[in-house]
Amino acid sequence: MMANLGNCRICSENPFSVLFGWKQPDKKCTAATASTERKCKPSKRNEKDFKPRSEEEVKEAMAKWSEYVHARARDFFAGTQQLEEVLAQLAKGTDKDCDPVAGNETQCVYWYGDVTKDECQAAIRMVKPGEMQESVTYVNRVLAFMFATDESFEKLMALPKEPFRMNCGDQLCVHLAHISLATC
């Protein structure tokens with residue numbers, strides 16, 4: 001029964017794909033580079049400033065953030081392993097001196113992981129519970145699902161099924177506090 005949790009018997013589409021804005025894996029997801037031509041809005045992110053977390057720092061960030069994970073995310077992920085894999089990707093994709101969950105709300109937290117090829121949106125790859133194939137999803141939607149309050153999450157789910165707009169104007173910022181509830 002749990003293996004089919006993500007598949008609606010009435011719809012041909014996985015209802016979680018609407019929630020997360022999941023794309024089919026054939027949509028290429030690559031790391032952003034300055035040499036690649038893209039239809040991107042400018043970002044203040046500077047890859048030279050990136051300070052990756054050590055394995056120990058990744059574990060520390062995961063432990064800290066796991067305290068804030070909403071029950072809906074704990075219920076969604078089949079076990080702690082899948083949840084930990086997502087938390088690890090978040091930790092590895094952000095600077096060791098920045099916290100996208102509980103950090104300073106005035107500071108952008110830039111994404112240094114994968115971005116979508118055409119849209120330059122922060123993205124991660126994950127295997128949905130009950131499925132075998134990897135999907136690409138937007139980091140800001142995953143953060144909202146995992147950490148937003150029920151009230152904020154309900155408002156966000158009423159927005160179009162695309163990456164959330166960031167209040168700071170930088171789509172490579174993944175600070176939870178910068179996710180906009182506005183539609184335009």
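Predicted model: local features only at pLDDT ≥ 70, side-chain atom pairs only at ≥ 80, totals over all residues.
Cys98 sits in the loop between helix H4 (80-93) and strand S2 (114-116). Is Cys98 buried or exposed? Its relative accessibility is 13%, under the 20% cut-off, so Cys98 counts as buried.

Keep Cys98 on screen and show its contacts. Leaving aside residues up to four places away in sequence, Cys98 touches Arg53, Gln107, Cys108 and Val109. Tyr110 and Cys98 are twelve residues apart in sequence. Their C-alpha atoms are 8.4 Å apart in space.

Next, select H4 together with helix H5, residues 139-147. Two packed helices are described by the angle between their axes and the distance between the axes. Here the axes come within 12 Å and cross at roughly 130°. H4 and H5 are therefore oblique to each other. Their crossing is left-handed.

Which residues make the contact? On H4, show Leu83, Val86, Leu87 and Leu90. On H5, show Val139, Val142, Leu143, Met146 and Phe147. Colour the contact of H4 with H5 by residue class: nine residues are nonpolar, none is polar and none is charged.

Zoom out to the whole protein chain. Six helices and four strands make it up. From the N terminus, the elements run α-β-α-α-α-β-β-β-α-α. Of the 184 residues in the chain, 45% are buried. Take the contacts between residues at least 6 apart in sequence: 63% of them join residues at least 24 apart.

Finish with the surface. The accessible surface of the protein chain comes to about 10,400 Å². Carbon and sulfur atoms account for 50% of that area.

Definitions and conventions:
Residues numbered from 1 in each chain as written. Heavy atoms only, no water. Helix = DSSP H or I, 4+ residues; strand = E, 2+ residues; numbered from the N terminus. Buried < 20%, exposed > 50% of the residue type's maximum accessible area, 1.4 Å probe, protein only. Contact = heavy atoms within 4.5 Å. Axes fitted to C-alpha atoms, helices over the stretch in contact; angles between N-to-C directions. Parallel < 35°, antiparallel > 145°, perpendicular 65-115°, else oblique. Left-handed = near helix turned anticlockwise from the far one by under 90°. Nonpolar A, V, L, I, M, F, W, Y, C, P; charged D, E, K, R; others polar. Areas by Shrake-Rupley, 256 points an atom, 1.4 Å probe, with all protein chains shown as cover.
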